[in-house]
Amino acid sequence: MHVSQNWIDIAYLIAAVLFVVGIKGLTKPKTAVRGNLLAAAGMGVAAVVTLLNEHIVTYEIIIAGVVVGGLIGAVMAKKVQMTSMPQMIALLNGFGGGASFAVASAEFFRGSANDTVSIIATGAAVLIGAVTLTGSLVAFAKLQELIDGKPMGFPGMKVVNAILFIGSLVGIGYLVMNPGNETVFWGLVAAAMLLGLLLVLPIGGADMPVVIALLNSYSGVAASAAGFVMGNSALIITGSLVGASGLILTSIMCKAMNRSLTNVLFGVMAEAGEAMDEDEVYAGKVKSTSADEVAMLLETAQRVVIVPGFGLAMAQAQHAVRDMADTMEAMGIEVEYAIHPVAGRMPGHMNVLLAEAEVPYEQLKDMDQINPTFEQTDVAIVLGANDVTNPMAREDKGSPIYGMPILNVDKAKTVVVVKRSLSSGFAGLPNPLFAKDNTLMLFGDGKGAVLDITTALKEG
Amino acid sequence: MDFVAQLTLFVLAIFLGVELITKVPPTLHTPLMSGSNAISGITVVGALIAAGSDSGMLINVLGFTAVVLATINVIGGFMVTNRMLAMFKRK
C-alpha cells in the first residue's frame with residue numbers, strides 16, 4: 001500500500017507543477033490559452049489518481065455528482081454574458097468555498113480529524129468555506145441586482161459580527177478539547193454562514209470588485225485548510241496559490257479605488273469634504289459639441305485615446321466603438337484605449353469586454369502605460385467613464401477622492417466627453433474636467449454618439 | 001504528512017503565488033480570477049474521497065454536495081477561462 005500511496009502523491013506533485021506552469025502561461029496573452037489547458041490537465045491528473053485512493057469503495061455518488069456539477073458548470077460557462085462575468089466569478093468563488101466546507105464537514109463526521117492540528121484545520125475550513133459560500137451568494141445577488149446594491153446594515157452590526165467570529169473561534173477551541181461534539185459543530189456552521197451574510201451585506205455595489213477578489217482569496221485559503229485536514233499536498237499548494245492571487249488582486253483594486261481594505265470591509269465611505277457646488281464648477285464653462293464637430297476634430301488628429309467606462313458596456317456599445325476605431329485607423333490615426341483598473345466591475349473586466357468586440361489587446365493600455373502619453377494625444381474620447389478622470393483626485397487635497405490614481409485625460413490637447421448629462425459618478429462629485437478649456441461635451445446616448453461620429457468620419 | 005511539513009509547503013506556495021501572480025498583466029486579470037477559481041476546485045480531490053467512502057447517509061450527502069460544487073468550479077472555471085482567452089488570441 002505504501003508504494004501506491006507514494007505514486008499517488010507523485011501524481012499530485014505533477015498536478016501542482018502543471019498548475020504553476022499553467023498560471024505562468026497566463027502572464028502573456030499568447031501563451032494564456034495553453035496555460036489554461038495545462039492547468040486543466042493538472043486537474044484531470046489529480047482527479048483521476050484520486051479515484052485510485054484506497055478509501056474510495058463506491059462510485060455511484062461520485063459519478064452522479066460529476067455529471068450534475070459538470071453539466072451545470074458547462075452551461076454556466078457557455079451561457080454567461082461577458083458583462084455578467086463578475087456575477088459568475090462570485091458564484092464560482094462561493095461554490096469553491098462551499099465545496100471545501102462540505103469536504104471538511106464530511107471529514108469531521110467520518111471522525112478522521114482527531115488530533116489538534118486536523119481539528120483546527122477542519123474548523124478553519126468550515127469557517128472560511130461557509131463565510132465564502134454565503135458571502136459570495138450575497139455578492140452575486142447584489143451584482144445581479146436581485147437585492148439592493150446599497151450598503152445594508154443595522155446598528156450594532158459590527159458587534160454582532162465580532163461575537164459571531166469570536167464565538168466561532170471558541171467553538172473550534174471547544175472541539176479541540178472535546179472532539180466529535182456535533183452540537184458545537186453545527187453551531188460553528190450556523191455562525192459562519194451568518195457571518196458571511198453579515199460581512200458582505202454592508203458593502204456597497206461600487207466596492208464589489210474588491211469583495212470578489214477577496215472572496216477569491218478566501219476560496220483558496222479554504223481549499224488549503226481542507227488540505228491540512230486531509231494531509232493532501234496538492235490541496236495545500238494549490239489553495240495557497242489561489243489565496244495569494246486573490247490577495248494581490250484585492251490590493252490592486254483597493255489602490256485603484258483609493259480605499260483601504262478595512263474601509264471597504266467595514267463599509268466606510270470617504271467623508272465628503274467641503275461639498276463642492278456643481279453650479280460653481282460648471283457655470284458658463286461647459287462647452288457642448290456635436291458628432292460632426294468631433295469628426296472634424298478627429299480628421300486632423302494623429303493620435304486618439306479612447307477612455308471606456310462601464311457605461312459603455314451597459315449600452316452594449318463595444319462593437320460600435322471598435323468600428324469607430326477601425327475607421328480612424330484606416331485614416332492613418334493611431335488609436336489606443338486607456339483602461340483604468342476599476343473601469344469594469346472586476347479586475348480586468350473592461351479588457352475582456354473590449355476583447356469580445358475584437359479590439360486587439362495590443363491597443364489596450366493600462367493606466368501606468370497610457371498616462372505619460374496623454375500630452376502627445378490630440379483627442380481623448382471619454383465614454384461612460386467619470387470619477388476615474390476627475391482631476392480633483394490629483395489637485396484638490398480637500399476632495400474625498402484626493403490621491404486616487406486617475407487617467408490624466410485632461411492633459412490631451414482636446415478632450416471629448418460623451419455623456420447623457422453632467423450628473424456625477426459613484427463618488428457623487430462634480431467633475432471639473434467637464435468645465436476645462438480643452439474639454440468638449442457631447443451630450444447624448446453613448447452608442448448613438450459613437451455611431452454618429454463614425455458616420456460623420458466616413459462621410460467626411 | 002506532519003504539520004511542520006504541511007506548513008512549510010503552505011508558506012512556500014504563498015511566496016511562489018505572489019511571484020507568479022504579480023507578473024500577470026492587468027489585461028488578463030479577469031481570466032486569471034476565473035482560472036484560479038477553477039484551480040481552487042482542487043477540493044474535488046477531497047470531495048471524491050468523501051463521496052466514495054461509503055460511510056453513512058450524512059457523509060454521502062456532504063460528499064455528493066462537495067463533488068457537485070467542486071465540479072461546477074472546475075468545469076465552469078476552465079471552460080469560461082478558455083472562452084475569454086480565445087477572444088484575446090484572435091487576430
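This is a predicted model: local features need pLDDT of at least 70, side-chain atom pairs count only at pLDDT 80 or more; totals for chains, interfaces and linings use all residues.
1. Apart from neighbours within four places in sequence, its contacts are Ala338(A), Ala380(A), Ile381(A), Val382(A), Leu383(A), Ala385(A), Thr389(A), Leu407(A) and Val409(A).

2. In chain A, helix α4 (residues 85–110) packs against helix α8 (residues 208–230) at an angle of about 20°, and the two axes lie 9 Å apart. Because angles under 35 degrees count as roughly parallel, α4(A) and α8(A) are described as roughly parallel to each other. The crossing of α4(A) past α8(A) is left-handed. By class, their contact has 16 nonpolar, six polar and one charged residues. Among the residues that meet are Gly96(A), Gly97(A) and Glu107(A) from α4(A), and Ala222(A), Ala223(A) and Ala226(A) from α8(A).

3. Helices α5 (residues 116–143) and α6 (residues 157–177) of chain A pack at about 150°, with axes 9 Å apart; α5(A) is therefore roughly antiparallel to α6(A). Here the crossing is right-handed. Thr116(A), Ile119(A), Ile120(A), Gly123(A) and Leu127(A) of α5(A) form the contact with Ser168(A), Ile172(A), Leu175(A) and Val176(A) of α6(A). By class, this contact has six nonpolar, three polar and no charged residues.

How values were computed:
Residues are numbered from 1 along each chain as its sequence is written. Chains are lettered from A and ligands numbered from 1 in the order in which they are written. Axes are lines fitted to C-alpha atoms, for helices over the stretch in contact, and angles run from 0 to 180 degrees between N-to-C directions. Helices (H or I, at least four residues) and strands (E, at least two) are DSSP runs, numbered from the N terminus. Angles under 35 degrees count as roughly parallel, over 145 as roughly antiparallel, 65 to 115 as roughly perpendicular and the rest as oblique. A crossing is left-handed if the near helix is turned anticlockwise from the far one by less than a right angle, and right-handed if clockwise. Two residues are in contact if their C-beta atoms, placed from the backbone, lie within 7 Å. Ala, Val, Leu, Ile, Met, Phe, Trp, Tyr, Cys and Pro count as nonpolar, Asp, Glu, Lys and Arg as charged, and the others, Gly among them, as polar.
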